[in-house]
Structures are given as C-alpha cells and as structure tokens.
Amino acid sequence: MKALRKSLDALYLISGALAAMCLVAILLLIVVQMVARWTGEVFPGAASYAGYAMAGASFLAFANALNRGSHIRVSILLNALPDGPKRLLDIWCFGLAAAIAWYFTYYAYWFVYWSWKFNEVSQAQDATALWIPQSVMVVGGAILAIALTDNLLTLIVKGEHRLTRDIVDQSFGE
Amino acid sequence: MTELYAIVLFLVVLFFLLGTGVWVGLALMGVAWVGIELFTTRPVGDAMVTTIWASSSSWTLTALPLFIWMGEILFRTRLSEDMFKGLSPWLAKLPGGLVHTNIVGCTVFAAVSGSSAATLTTVGKMSIPELRARNYPEKMIIGTLAGAATLGLMIPPSLALIVYGVTVNESITKLFFAGVLPGLFLALMFMAYVAFVSLTSKNWNPTVERNMSFADKLRNSRFLLPVFALISVVIGSMYLGFATATEAAAIGVIGALVLALLQGSLNWGSFQQSLMGAMRTSAMIALILAGAAFLKLSMGFTGLPRALADGIAGMELSRFELLMALLVFYIVLGMFLDGISSVVLTMAVVEPMVRDASIDLIWFGIFVVVVVEMAQITPPIGFNLFVLQGMTDHEMGYITKAALPMFAIMVVMVFVLIFFPDIATWLPDNLRQGPS
Amino acid sequence: AEKWDMPMAYSASNFHSENGMAFAKCVTDGTSGDIEITVHPGGSLIAGADIKRAIQTGQVQLGERLLSGHQNENAMFGFDSIPFLAPSFDDSAALWKAAKPKIEELLAEQNLTLLYNVPWPPQGLYFKKDVNSVEDMKGVKFRSYNNATSRLAELTGMLPVTIEAAELSQAFATGVAESMISSGATGYDQKVWESLTNFYEVDAWLPRNYIMVNSDIWSDVSDANKGVITTCATEAEARGLQASKDYTQFTYDGLRDGGMKVEAASEELMTGLRAVGDTMTSEWLESAGDDGKAIVDSYKSMQ
Ligand code: NA
Ligand code: NA
C-alpha cells in the first residue's frame, strides 16, 4: 500500500517536471526560430514543435496542478456545508471529474490509434507523424484520471481528499 | 422553440455543475457533452478529442505560459518593490493613492502582453501584497485589478483584435492603432473612479506614504528603470520587426531572467519554483480553455449563438438600437463563453448586419473588444475572476462584486465610443503606415 | 428530415463560403427539407486543418478543405499546387480533368466522396520593391508556409521566414517579412497595400477547395436526394469558377485602388520562374511516383 502511494506521488511529480521541461522547450524553440530568422537560417516546423510542447506542458501538468490545488472550482456551497454533506458533495465532484477524465482518455486513446492507423502526418513543415505528440494527450489524460480516482478513493476511505495549496502560491495570497 | 429549450438546458446544467463545485474546465466539458448528446446525432467522444487537441496544441497559445512564466520570475525579484518605490512617489499624492499602481501597472504591462490573464497574473502578483501591506480596501485592490487587466486585450498587442481582424478581414495593424486611445481613456476612467471612491469612502485609511521632495521623487524613479528597460525590449523587439507577438513573450522571459540574475535573486531554487508555478498556472488556464473549446463546438452544433444573432438581425433596428441590442446580446453571451469564442461564433451573422448599418468595421472592432473585456469579469464564466480566485482565495461572488464598478465603467465606455467615435478611428486614419 | 453540418474554413464573406451557402440552400430546398445543411463558415465549428478528418470520422457529414494542405500525408494531394505547371484558369481545368479519377480514388479510400471543387484565384508574387528578374529576389524575406513555398524561396535565393496567418499583417508592417506568394484575394483581404507595393500576376498555381461528404453517409442517401445534391454540386462548381474569375479581377482592381502596382511579370522574370517550376515539378514527380507521372503526362497531352 505504501509502495503504491509512493509510486503514485512520484508519478504526479515526474509528470509535472516533464510538463515544466515542455515549457522550457517552448522557450528554446521560439528563441532558436527567432535567431535562425535573424541570421538567415531556416528552422522548418518550429511553430509546430512549439505547439506540441504546449500540449505537453498542459496535459502532463493537469494532475500535478490538481494535487496542488491550482485548478479552479466554485467552492461557495462546499464551504457552507457541514462536514458530512460536504464529504458527499466532494465525492460527487471527484466522481464526476474522474468519469469525465476517463471518458476523455478513452476517446483520446482511440483518436491517437486512428491517427496512427490513418498514418496522419502534420500538415505543416515538420510533417511529424501525429500519433507521437498526440500520445501526451492520452498519457496526461490518464494521469489526471488516475489522480482524480486516487483522490476519490482516499476521500471515501479516509474521509478527506489530498489536495493541498502551494505555500509559495499562498505567500502572495495573504 | 428548440433554441429556448437549449438555452435553459445549457444554463441549468452549467449552473448545477459549477455550483456543486466541479472544476471549471471539467464542468464546461460536461455541459458541452450534454449539449451534443441531446441536440445532435454526432459521435461526441471523437469530436471532443479532435477539438481539445486542436486547441491545446496551438502555436498561438504558447505566448500565454511564457508571459505567465515571466510574471513568476518577476514576482521572485525585487521588481515589485522597485515598481512601487518608483511609482508610489508620483501616485501617492493622487486621491486614491497607490491603488492607481494597479491601473498604471496593467496599462503598461498591456503594451507587452496580448492577453488579459497574463496581465492580471503579472501585475497582480506584484501589486496585491504591496497594497495589502499598506491597508488599502481589499475590494478596491481586487476590483481595479480585475478591470484594468482587461486592458491587455484593448491596448496592442491584442489576441482579441487579431482574432477579430482575421474573422472580418480588417487590417490588424489598423485595429491595433484603434485600440490605443480607447485603452488609455478607459484606464483614465478607472483612475477617476478610484479617486472618487477614495474621496467619498469612510473606510479609506491606507498607510500614509512619506512626503518627498521633487528631487527625491526623481531619484526614486531610478527604480523604474529595470521595468521600463524590460518593457522597451519586449515592445521594441515587436515594433522594430525583430520578433512577432509570440516571440516577444520569449524575449520577455529571457529579459526577466537577466533582470533577476542582475538583482541576485535568481538561483536554482527560485528558478525551479518559478517554472513549476508557471507550469501549474498555465495548466489551470489550459484546462479551462480545453473545456471552452469543446463547449464552443457544442454550441456551434446546436446553432444557439447564431440563432440569437439571427433573432436580432430580424428585428430591423436603427443604428443605435442595433448597437444597444448587440451590447446586451454580447453581455449575455459573454457570461457563458469567453469573449473570443463568442466573437468567432457570431461574427458570420453579425458582420453583415453591422456592414448594412454602415458601421465602420475598425470602430466596431473596438466596440467588440470592450464587450469582450466585460466578458472577462462577468460570472459564471469570466477568466479574470477565475485567475483572481486562484491568486487570492476569495470566492467568485466576492470578486464579482468587487469588479462590478469596473463593469459599469466599461458600459460607460461603450457610450463614449458611440458618441465620440473619433477616439477609436482618429489614430488609424492618421497613421496609415505600419508601426515601424 | 436530417440535419447536416458543413464546416468551411474561410470567412462568411469569402466567395467560397457564399457559394457553399448557396449550395446548402439548393440542397435544403431541392430535397424539400429532407436534408437540411447548415454551413459553419470561418472555421467557426471546426478549424480548416481538421475538417478532412472530421468528415472522414463522421463528426460532420460534409465540409470544405484545401486538399493541398494534406500533401505531407500524400504528395498526390499537392497536384494542384505545383508552381507554374498549369498557370491559368483553363490550364488548371485541364489539370483537374487529368487528375480527377486518381484523386477521387484516393478520397474513396479515405471514406470521402467528392461533391464539387472550386479553384482559388491564381497565385501571384507580392513584394516591397520592383522586381524584374529572379536575380532581384535574392535576399528578400519571403513568407513561407509549407515545404513547397520554402523550396520556392530556396530556388529563387530568397530567405524563407515562417509566419502564421494570424500574424501576417503585423509581420509585413514591421518588416519581419517582405514578400509572399498568394492570390490577389489574400492580399486584398489582408489589405497588404499598407506595407507592400508590388503585385506580379505570375499565375503560379490555382489551388482548389474541395467539398466532400462522408461516404457512409452518402451511401445512405436516397437516389432521388443524391440526384438533387449532385445537380446542386454541378451548379455550385460552375458558379464558383465564375466567381473565382470575377473575384480575381475585382481584387486586382482593389489592390490598385489601395495604391499597389499590379502588373504582369516581365519576360525575364517569367523565364527564371518557369525554370524554378520545372525543377519543382520534377521534384514533385519523385515523391508522387507513377500516379503523379500519369497525371502530368495526361495533362501535357491535352496542351
Ligand atoms: Na495588449
Ligand atoms: Na463572462
């Protein structure tokens, strides 16, 4: 059980770190493209690669952002309720969110499968086989779904979810 | 009748999901799913994934995380204190005091950033702690920030104007110029409101700033140099043809890193924190954008926005009546869609109406941007409200109330535009050439 | 009654979109509402790049797409965009006649049935200065958006710069780019006379927009309704072609009114460009194989 907990937390951390690296990749790609233009060189497909990195930076970050309480929700009702009903409402939220995330992941999987089967390639100059960058959507979607399910089960078993607020984020919030 | 049914259904499901606390991005996906499932026979899952992939892997979107990252880096430097040290001597004596730094800060940063959310994050991270430390009323801090950040869309460069210009085939350069004066005027109106409240409100008791001689003020202005150097580099790169709007964001990040390095506030720890913070904030926005893209598709399939626009077209209104009808229409639509989506969805029907009424399309672009700005701060779906909620932990209701006066000022701005159209058209008419 | 959604990529006022809306009305009226087509112009439902796949997978029933956008997937889709192979409306029509069987076969394999297609106005060269020979093009910053336009820049000694459509006007205004190849329509719509000065009618190629329907959905349509749709499509094709010709003249006049010099290219420039065209045709034939050769041979035999 402890091993599972540890590997799940590692999963969220690693995916977040990968997302951050995608952000750095966006920066580098754009800078290289710009410098290439200044010096009369060409970097074909830079815009597409930056787009894929953008997708990576988003999808891989979803679960990490969830656990750190970054995703926005309207919590007026949640805050107003006493503990028991609040827990039920939270179960509904995590349950529905997990269902949506799994639904998305399922269709994302088939979407990528058909991209691979149709041999779909990027229409821009990079001509990348699209199933490769699109896979981050399946991976990221699955990690988000896992994180939501993880929280849902913890909530049912232990009575509270595992979302926290980042201390640095709070430091400017106070 | 189907339309009415569709409107009611969308609203009920949306309010239910948002109200029960489902995360905004996922709630939008849920509403969109219900819409497509009920009103069409299309395969929902495929459409959902196609749309979400297209919107999430877009190159134009990359400016957003970069500007957010820039803000995260600047937040960890002394820039916020410096900007205050530089601006406060000049603004402190105005009625309304340092709250004006919110508005001036947003106006200045709007000239660097094309998005309202990025403007809000950067300026907010700098100004909220400073203003709170000086005991300014929380509602004014939050409200002015929510409102003034929308200037990011009006003052060029502007994502909203680019989308509008491409949709109606008008010159983006002209639109950019058209946005300058109305943007500055709107900022002035925000400042006038702050001054008015400070003079009439009883709970306006901020910490008094130290008195300063003119020479001291000038000397203190040196603290503004880093900020203005950064802004000059970012804007200059764009206007001198070294960089496109997206590339300017990358220049901004590098500039911020250099600035932090010079100030000695950049180390591995703070670099990592800024990066992880930017990663999470942009993920938050990306999830909502993904949901909004899917909702846009769903609404497109149901034909709802077009049906509403058709309804207005059928009323055969005079020019003024038409503008009023469009104002109400876009305010209502802006409550539920992000502004840019509502422009794209309806322009096909609205554009011919506006052309028929011989309304100048450049001027109308500015009209639309004011309305899009309003959509940023109207509930239940208002981006600036979400971002501020993430930054301050205040409830949506509180932030909405705080931003309400700014909303009212934007409504006034619409009438200013109608009665003094020159404010938008003078600059583009007199500056035919590009900005270089 | 069935409701069909028809996404189109270009703005509602574009002649392709107006033609598409007339086609949709023709079908809706002709089938007495059995099939009601709603047009979604300006990428408002689905963005241009995703329309083909959306039809293939049945997310929408039909839609419009510039097929040459898909030439990375299959070089054959780029047959209508080979520079200087078919440089006029008549040549373009002959080229399409030669290519039609192959393209329809290719589309059928992808679960797509072609209804009609309409050419864009011919592609010309935009510059910020007078250009009388390929030599004059050396070092000019040229907006490229795919492999073919990059190659064109390379072969003429220009510097290809990649600019996304949304930033085009700003890129010209600020000098990030100084030249592009596009139809008069694009320049007119983007009001490029604010930054560019010369347009040369080199008629490099006439890319086509294809209106396609999902084959599964098509096969379920009754014969009577198929007849109606086919008739409407034939009318739309003729109407679209005429609109494209009329619009070409209209946009040239518009560019002139905006203050641009609009003229035919000098013989020296054309000779240089045709040589570039020959190189690019043979390069295309390498990637398009026997099928491509069959099209070009058949087209040349019609000349
Ligand atoms: Na801006
Ligand atoms: Na809103």
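Colleague: Does C:Cys232 count as buried or exposed?
Modeller: In this predicted model, the relative accessibility of C:Cys232 is 3%. Because the cut-off for burial is under 20% relative accessible area, C:Cys232 counts as buried.

Colleague: Which residue forms a disulfide with C:Cys232?
Modeller: The count over all chains comes to 1 disulfide, and in that link the sulfur atoms lie 2.0 Å apart, with -80 degrees about the S-S bond, which makes it left-handed. The pair links distant parts of the chain, 206 residues apart, with C:Cys232 in helix H8 (residues 223–257) of chain C and its partner in helix H1 (residues 15–30) of chain C. The partner counts as partly exposed at 23% relative accessibility, and the residue is C:Cys26.

Colleague: How many residues apart in sequence are C:Lys52 and C:Glu73, the parts that the pair ties together?
Modeller: C:Lys52 forms a salt bridge with C:Glu73, in which the closest N and O atoms are 3.1 Å apart. C:Lys52 lies in helix H2 (residues 48–56) of chain C, whereas C:Glu73 lies in the loop between strand S3 (62–66) and helix H3 (89–109), so the bridge ties together parts of the chain that are separated in sequence. C:Lys52 counts as buried at 2% relative accessibility, while C:Glu73 is partly exposed at 24%. The separation in sequence is 21 residues.

Colleague: Which residue meets C:Lys261 in a salt bridge?
Modeller: The N to O distance in this salt bridge is 3.0 Å. C:Lys261 lies in strand S11 (residues 261–264) of chain C and its partner in the loop between strand S5 (123–127) and strand S6 (141–144), so the pair ties together parts that are 131 residues apart in sequence.

Colleague: Which residue of helix H6 in chain A links to A:Arg162?
Modeller: A search of the whole structure finds 21 salt bridges over all chains, and one of them brings together A:Arg162 and an aspartate at 3.7 Å, N to O. A:Arg162 lies in the loop between helix H6 (131–158) and helix H7 (167–171) of chain A, 12 residues from its partner.

Colleague: Where is B:Glu316, a residue other than glycine with a positive phi, placed in chain B?
Modeller: Most residues other than glycine have a negative phi. For B:Glu316, however, phi is near 50 degrees, and the residue is exposed, with a relative accessible area of 72%. B:Glu316 is placed in the loop between helix H16 (304–313) and helix H17 (319–336) of chain B.

Colleague: What is the phi of B:Asn135?
Modeller: B:Asn135 is found in the loop between helix H7 (116–133) and helix H8 (138–149) of chain B. Although B:Asn135 is not a glycine, its phi is positive, at about 65 degrees.

Colleague: Is the peptide bond from B:Pro379 to B:Pro380 cis or trans?
Modeller: B:Pro380 lies in the loop between helix H19 (361–376) and helix H20 (383–392) of chain B. Most peptide bonds are trans. The bond from B:Pro379 to B:Pro380, however, has omega near 0 degrees and is cis.

Technical notes. Residues are numbered from 1 along each chain as its sequence is written. Chains are lettered from A and ligands numbered from 1 in the order in which they are written. This is a predicted model: local features need pLDDT of at least 70, side-chain atom pairs count only at pLDDT 80 or more; totals for chains, interfaces and linings use all residues. Side-chain values use heavy atoms; hydrogens and water are left out. A disulfide is a pair of cysteine sulfur atoms within 2.5 Å. Helices (H or I, at least four residues) and strands (E, at least two) are DSSP runs, numbered from the N terminus. Buried means under 20% relative accessible area, exposed over 50%, partly exposed in between (1.4 Å probe, protein chains only). A salt bridge is a side-chain nitrogen of Lys or Arg within 4 Å of a carboxyl oxygen of Asp or Glu.
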